[in-house]
Amino acid sequence: MPSPQLPRTVFAMDPVHLPLLFPPPLMERLRRTADIDPGLVVRDFADPAAAGALARAEVLITGWGCPHLDAGVLAAVPRLDAVLHAAGSVRSLVGEALWERGVTVSSAVTGNALPVAEYTLAMILLVGKDAFDHREHFRRTHAYPGPAETAATGNLGRRVGVVGASRVGRRLLELLRPFDLTVLLHDPYVSPAEAAALGAESLSLEELLGRSDIVSLHAPDIPETHHMLDRDRLALVRDGGVLINTARGALVDHEALTGELVSGRLSAVLDVTDPEPLPAGSPLYHLPNVFLTPHIAGSLGNELERLGRIVVEELERLVAGVPPVHEVRHADLARVA
């Protein structure tokens, strides 16, 4: 039997994610830290079968598929002290009632930022080599490109504009350091000196758009950033420029972007769109200058274990009386994803 000193803990998520988040060795480590039933994964807080466990629960380990934690849901978890989220943003998960109760909230968003930054780095380098254009040309002609067709190709000195020094943005800036790229940054909360320390030149959004060959979005989806790339700002990007979006589709006016892409003036790598997914009739599915992926930049497959490991480490800290490293505070939500 588990020690009574271990915090009573319940999983709250879609159970399909549990085996990848907590493979057997990690699950055993978790069970040494928490009084938890691995066979109980709650999606409906009104389920009578979960009522007893929820009434005793001091910690919820949440993930994709957990319902919004509003006052009605929280009534089933009167002893709740901490929510440890084995995913990214808690914006759609945590309601005001949770903050009012003083519950500690932690998120594995830092772990989820790494694969997004890796995906973005890969796309930046491939775009710089015109890999997608050359693939299309090779499919059509079966011929290698000549010098005239590759004169503008290459990553030496390519100007990359990073919009948002978020967790993903900062990790991307680290990953870009070894390459011979010119890196520009726009973030209203980052000073020029801090940007320089991150390896980038701080610019206004308009200046960044006008000077960049590749623009990569890493800003949060908040009211201030809704459609931050509207028709006028997209028009500032040079002819032949490339937009990469691995953040949120709502950062971009997709009607305006579609017009730029259909015209061929711009290209794009889009892992997120607005709406998501795009309607079946969208031309973006078929344009040769659009590389469209189904929201895969974040943690998938074996990368999910990294998120589970962060949660277990956070719980171990709480049991030891140490503050969590990845705590999310109410005030943070005004400017983070």
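Trainee: In which crossing, left-handed or right-handed, does α2 pass α14?

Mentor: α2 passes α14 in a left-handed crossing. A crossing is left-handed if the near helix is turned anticlockwise from the far one by less than a right angle, and right-handed if clockwise. Before going on: this is a predicted model, where local features need pLDDT of at least 70, side-chain atom pairs count only at pLDDT 80 or more, and totals for chains, interfaces and linings use all residues. Residues are numbered from 1 along each chain as its sequence is written, and side-chain values use heavy atoms, with hydrogens and water left out.

Trainee: What's the angle between α2 and α14?

Mentor: About 15 degrees, with the axes of α2 (residues 24–31) and α14 10 Å apart. Axes are lines fitted to C-alpha atoms, for helices over the stretch in contact, and angles run from 0 to 180 degrees between N-to-C directions. α2 and α14 are therefore roughly parallel; angles under 35 degrees count as that, over 145 as roughly antiparallel, 65 to 115 as roughly perpendicular and the rest as oblique. Helices (H or I, at least four residues) and strands (E, at least two) are DSSP runs, numbered from the N terminus.

Trainee: Which residues of α2 meet α14?

Mentor: Leu26, Arg29 and Leu30. Their partners in α14 include Arg309, Val312 and Leu315. Contact means heavy atoms within 4.5 Å.

Trainee: And α6 with α9, at what angle do they pack?

Mentor: About 50 degrees, with the axes of α6 (residues 109–128) and α9 (residues 167–176) 8 Å apart. That makes α6 oblique to α9. The crossing of α6 past α9 is right-handed.

Trainee: Switching to the sheet: in what order do the strands come?

Mentor: The order is β2-β1-β3-β4-β5, an open sheet of five strands with parallel pairing. Two strands pair if DSSP finds at least two bridges between them. β2 (35–42) and β5 (104–107) are at the edges with a single partner strand each, so one side of each has no neighbour in the sheet. On average, neighbouring strands are turned by 20 degrees against each other, direction ignored.

Trainee: Which helix packs on the sheet?

Mentor: α14 (residues 304–319), which touches β1, β3 (59–62), β4 (82–85) and β5. The direction of α14 makes about 155 degrees with that of β4.

Trainee: How many aromatic pairs turn up?

Mentor: Three, from a search of the whole structure. Rings of Phe, Tyr and Trp (its six-membered ring) pair if their centres lie within 6.5 Å; planes under 30 degrees apart count as stacked, over 60 as edge-to-face and the rest as tilted. One of the pairs is phenylalanine 132 with phenylalanine 291, stacked at 4.3 Å centre to centre and 20 degrees between the planes. Phenylalanine 132 lies in α7 (residues 131–141) and phenylalanine 291 in β12 (residues 290–292), so the pair ties together parts 159 residues apart in sequence.

Trainee: Is phenylalanine 132 buried or exposed?

Mentor: Phenylalanine 132 is buried, at 16% relative accessibility. Phenylalanine 291 is partly exposed at 22%. Buried means under 20% relative accessible area, exposed over 50%, partly exposed in between (1.4 Å probe, protein chains only).
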